[in-house]
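Let's take a walk through this model together, stopping at a few helices and side chains along the way.

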Amino acid sequence: MESPIHGIWFVVVTILAAFMLAITPIDGVMAWARPDWPLLICAYWLLALSDRFGIVSCWVIGLMQDILQSAVLGQNAFALVVIAYIFQVSYQRLRMFGVQRQAALLALLELFRILVDQWAQNINGVTETHWLIFLPVVTTSLTWLVLRPVLQRMQYVFGVD
């Protein structure tokens, strides 16, 4: 009989890797174009392990992302919880989507996350924005096209089910 936490270490490693990629210093325009790694990892595990990875997991990841990025406490947590709710409500349909449709959905969800981020910053008095804040919408969806098949293969190799 397999342990119910079989393969949980791989999920934790991917989340830690997402945090490391999210806070790695990058210069120039590439800093604006950084994909939203925690969102990508949460989206993958919400689709792959919908019975064990859900809203509470995304809330904790969002709070950790707020702390790591020195953001307003709760802004990323709120965005990830709403995104997790969308995935939880319609995960069976989303699993049937092709990778391109999923990438398009992730682009819309990343746009939502950026708008929540801007809203939280405007409440705190930071009103200066630049059009480059929308670059992660493109890079996140393009990264999904590569990341999803890679994680799917690694999930199979490490026996995460």
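This is a predicted model: local features need pLDDT of at least 70, side-chain atom pairs count only at pLDDT 80 or more; totals for chains, interfaces and linings use all residues.

Residues are numbered from 1 along each chain as its sequence is written, and side-chain values use heavy atoms, with hydrogens and water left out.

Start at Asn76, which sits in helix α5 (residues 75–96); helices here are DSSP runs of H or I with at least four residues, numbered from the N terminus. Asn76 counts as buried because its relative accessibility is 3%, where buried means under 20% relative accessible area with a 1.4 Å probe, protein chains only. Its side chain makes a polar contact with the side chain of Asp66 at 2.8 Å (a pair of N or O atoms within 3.5 Å, one able to donate a hydrogen and the other to accept it). Beyond neighbours within four places in sequence, the contacts of Asn76 include Gln69 and Arg113, contact meaning heavy atoms within 4.5 Å.

Now move to helix α6 (residues 99–123), which meets helix α7 (residues 135–158). Residues of α6 at this meeting include Leu106 and Ile114, while those of α7 include Trp144 and Leu145.

Finally, stay on helix α7 for Gln155. Gln155 is buried because its relative accessibility is 13%. The side chains of Gln155 and Tyr44 are joined by a polar contact of 2.4 Å. Leaving out residues up to four places away in sequence, Gln155 also touches others, among them Phe10 and Trp45.

Terms used:
Helices (H or I, at least four residues) and strands (E, at least two) are DSSP runs, numbered from the N terminus. Buried means under 20% relative accessible area, exposed over 50%, partly exposed in between (1.4 Å probe, protein chains only). Axes are lines fitted to C-alpha atoms, for helices over the stretch in contact, and angles run from 0 to 180 degrees between N-to-C directions.
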